[in-house]
Amino acid sequence: MYMTPAIKNDTTSCLPQVIQLIEQYSNQKDENTRSKSITLLSDITNECIHHFDNDTVSRLIKLYCSRLSDQSIVPELLPGLVSLTGQSNYLNPSYTGQIGESIMQLNVQSFPHITRNLIYSVYFNILNYHSNDIKPISDRFIQGYIKSIYNEKDPRNLMIIYNTIQKMIENMDISHHVEELFDATSCYFPITFRSPPNNPYGLTVKDLKSSLRACMASTPLFAKKAIPLLLQKISTTSGYAKKDCLETLTACASIYDAKELIPYGAKLLNSIKSEIINNDTESLLRDPALAAITALISALSQEKTTIQKQLKTLIDDCIGLLEELEEHTVKPGSLLLRAIGSASPYAYQWIDSTFMPILSRQYRENDEPNKRYLILCSIIAIIQARKMVYGAENSSQTEMNLSDSLLYSYKNRLVEIFETAIHSSNDHPEIRLMGILGLGLMCVLKQYMTVNERFRSIHELNNILECEEDDKLRMSVEMSLLEITQFDPESINKVTVPALIRILSDTSGDNTTRDGAVNYRFTLRSLKTICTSSEVYRVVEPALLNKFIHICDYNKDKIYAREVISTLLDIIKTRQDQGCNDIGESVHTIIPRILNLIIVKSLIKDTENTILLSTDTLHILYQIVSIIFRHMYKEEQEVYIQEIFRLFSEGDLSIIHASQNMDFHPLTADISQNQVACTQLFSTFVCALKKGVSLPVTSKFTFLNEIIEQALRSTYPVQVEAFGRLIGSLVNKEKEDRELNDWILHTKQELENWIGQESTPALTIYLWLTKALVIKSHPMGYEMTDKIISYLADTSLGKQAAAGFDILIGDDALCLNKQTSCTISVSQNCIYFYIFNI
């Protein structure tokens, strides 16, 4: 829509005249004229609403409401009303009532769905922003709304309707309209909508079901109508419709009053349990049915006087299922047991006192492996229920009286049972798995095991990690130990970590399979899994680094060494992904050791074939340094980088407590091949600096020129690459000003001159500088990209230029990425499309 400058510049003074003019046109007999005039008014309202004064709003509302009786222009009026009602602190209370009265007069279902959508949006806005203003006419307003939504079927409109009803329940007294509101809502239940091809609505069945479910569960006042409906639908539907019913019951159970649920409780439980007992335990309805049972019993438990009667039939069914000791009965029985027991402390105590004696007797009387397996499943179901009700050792859930728990009284016997299961024959891995799961659960139960008892159980679980390569067994142990680390890392540090480190060879990966030890890769995976807490990491970090150093000193198995140090890198990355805030602290532990390792080894002659200085191993070490250093605070980096410059630029080896008699100048071209590794090490620190950290140099551009000079003289491609990363990173993070642009232009011309003389180092630096500029959308970057493309036709430089596109469009772990605080305005994909669309 075109707006005159007068309206834009002086809205307040011009609008009265504009409104008056539009009023005249809106009274014209010609429908097209009326429609266009109101469309213009609605556009102005939407555009200028924040400039309106009270008189303007009053006049607009009077105009809008008076014209709503003209059905031909209602679609054009509504956008303006949506804008007006969508202002939270704008409407006078009397205005809201006026709009409410007018909107209720509309015959909503006579309009197309888009117009209906706007009407429902006005209703929603009134309830969302002005619910207090509408309360004087609340009864008529609710009745008008119920009338407006009758027979609505468009899914987009239904979404607004469900949200509006929730707002109505939240902000208004609906007590006189409960039945009508529920009927207007529940007529769509359960949802059977199917998204059309290509889903033009942008809505899914899940969206609609979730919204209707939230609506039905929004007030306990719906209980009288909803519970019989849910019982009927659960009993008569199937498949996804029944799943929807079960999930809706689960949502409603915690909202509705227990007294309303009690008359239907037994029937509901009986209807739901059949989905578990009679159907495949892996069916679509199993989990929703179990969740519904738990939610329903949890709600019924509020009435202690009736809950026993409600549950008796279900408990008797469970006893019958478990007594048969057949898989097809015990599995659903165990699931029911856990669902009931996890519902409330009362339900758990009943399950505990009823079933522990039965299961203990069964275990004593049956020694067949398949039957013992089934009994273990049931015992574990009770333990899981206890954990769900009372929480794990590190939780703040309900306290319990241990003397009331038979599970606690049976503790020693259960430990014996689970340890026996763990040591069962390999012919019965399922029994061993139950033993691991049971012992692991007992270790984490709240107020259950003493520290010494847990210590002993961890030893037992460790034996699996030391001797077994079965994935399921190991993963079960790892998950148990991981949970223990959350509240008892000290035991893990004293028992598990030393055991895992001990079975890793100090020399070669081949040695880890001797004497029945597991392959080292299993051990490394276990370390990665359990090492998430800071307390465990502080023990694992030096242990793995020591192991890596021993392997490097032995200098035999490069793959083994790389996988050990990769494990440490993976652990650090995982902790980074989890948002751990103490990663930077390792700058005082692991970083000095890595510095010492690489520098000292690089200064020793005849070490070109060592594991430590191999390309793959160094790249892993560089990544560790980068991640840790970039997690330091800016002020800490400022101090630390001064030491790094003293070490690498001035060759001050006292910083790493090494002999001062050795020649160490890794930032020059005249160095041994081994010291090239130190050039990239220095570059890694600089590339990881946060923006604004000052370098200890008199002039950053002078420093960059010196680096370029050494790069052009270097005969080591790896060193040139390291210099390229450093230059690109510093230029990318530098603040845009004339000095920077002058330096870029001068450097570009100098490098192009060198490239013209077929200097491969110059082209490498050019590539990194180009990437640094392109990703920050610097114009010179695109000009340089075009230049690189032109080099493709050059017989001498074409191959290197082509390979250089890996630099331009590839991801680099050490620099020019968001993690290293670089300025990135253009994604790698955009660079790719720019290059290949020239």
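## Close-up views of the predicted model

**View 1. D316 and K312 sit four residues apart in helix α17 (residues 304-323), so about one helical turn separates them.** Helices here are DSSP runs (H or I, at least four residues; strands are E runs of at least two), numbered from the N terminus. The two side chains form a salt bridge, with the closest N and O atoms 3.0 Å apart. To count as a salt bridge, a side-chain nitrogen of Lys or Arg has to be within 4 Å of a carboxyl oxygen of Asp or Glu. D316 has 38% relative accessibility and counts as partly exposed, and K312, at 48%, is partly exposed too. For the cut-offs, buried is under 20% relative accessible area, exposed is over 50%, and partly exposed is in between (1.4 Å probe, protein chains only).

A note for all the views: this is a predicted model, so local features need pLDDT of at least 70 and side-chain atom pairs count only at pLDDT 80 or more, while totals for chains, interfaces and linings use all residues. Residues are numbered from 1 along each chain as its sequence is written, and side-chain values use heavy atoms, with hydrogens and water left out.

**View 2. E483 and K387 make a salt bridge, their closest N and O atoms being 2.8 Å apart.** E483 belongs to helix α25 (residues 471-485) and K387 to helix α20, so this pair ties together parts that are 96 residues apart in sequence. Both ends are partly exposed: E483 at 25% relative accessibility, K387 at 22%.

**View 3. R456 and E419 meet through their side chains in a salt bridge (3.1 Å, N to O).** With R456 in helix α24 (residues 451-467) and E419 in helix α22 (residues 411-422), the pair ties together parts 37 residues apart in sequence. The R456 end is exposed at 51% relative accessibility, whereas E419, at 11%, is buried.

**View 4. R213, K243, D244 and E247 are linked in a network of salt bridges.** Side chains of opposite charge can pair when their charged atoms come close. Searching the whole structure turns up 41 salt bridges.

**View 5. K273, a lysine in helix α15 (residues 258-277), is buried at 10% relative accessibility.** Skip its neighbours within four places in sequence, and K273 is in contact (heavy atoms within 4.5 Å) with I293, T313, L314, D317 and L336.

**View 6. L595 and F648 have the most contacts inside the largest nonpolar core, a set of 278 residues.** Helix α20 (residues 369-390) gives the most to this core, with twelve residues. A nonpolar core means buried Ala, Val, Leu, Ile, Met, Phe, Trp, Tyr and Cys residues joined through side-chain atoms within 4.5 Å. Beyond four places in sequence, L595 is in contact with Y640, I644, L647, F648, I656, L681 and F685.

**View 7. No disulfides turn up: the whole-structure search finds zero.** C318 is in none, and its nearest cysteine sulfur, that of C377, is 14 Å away. A disulfide would need a pair of cysteine sulfur atoms within 2.5 Å. C318 is buried at 0% relative accessibility. For C687, also in no disulfide, the nearest cysteine sulfur is that of C815, 4.7 Å away. C687 is buried as well, with a relative accessible area of 1%.
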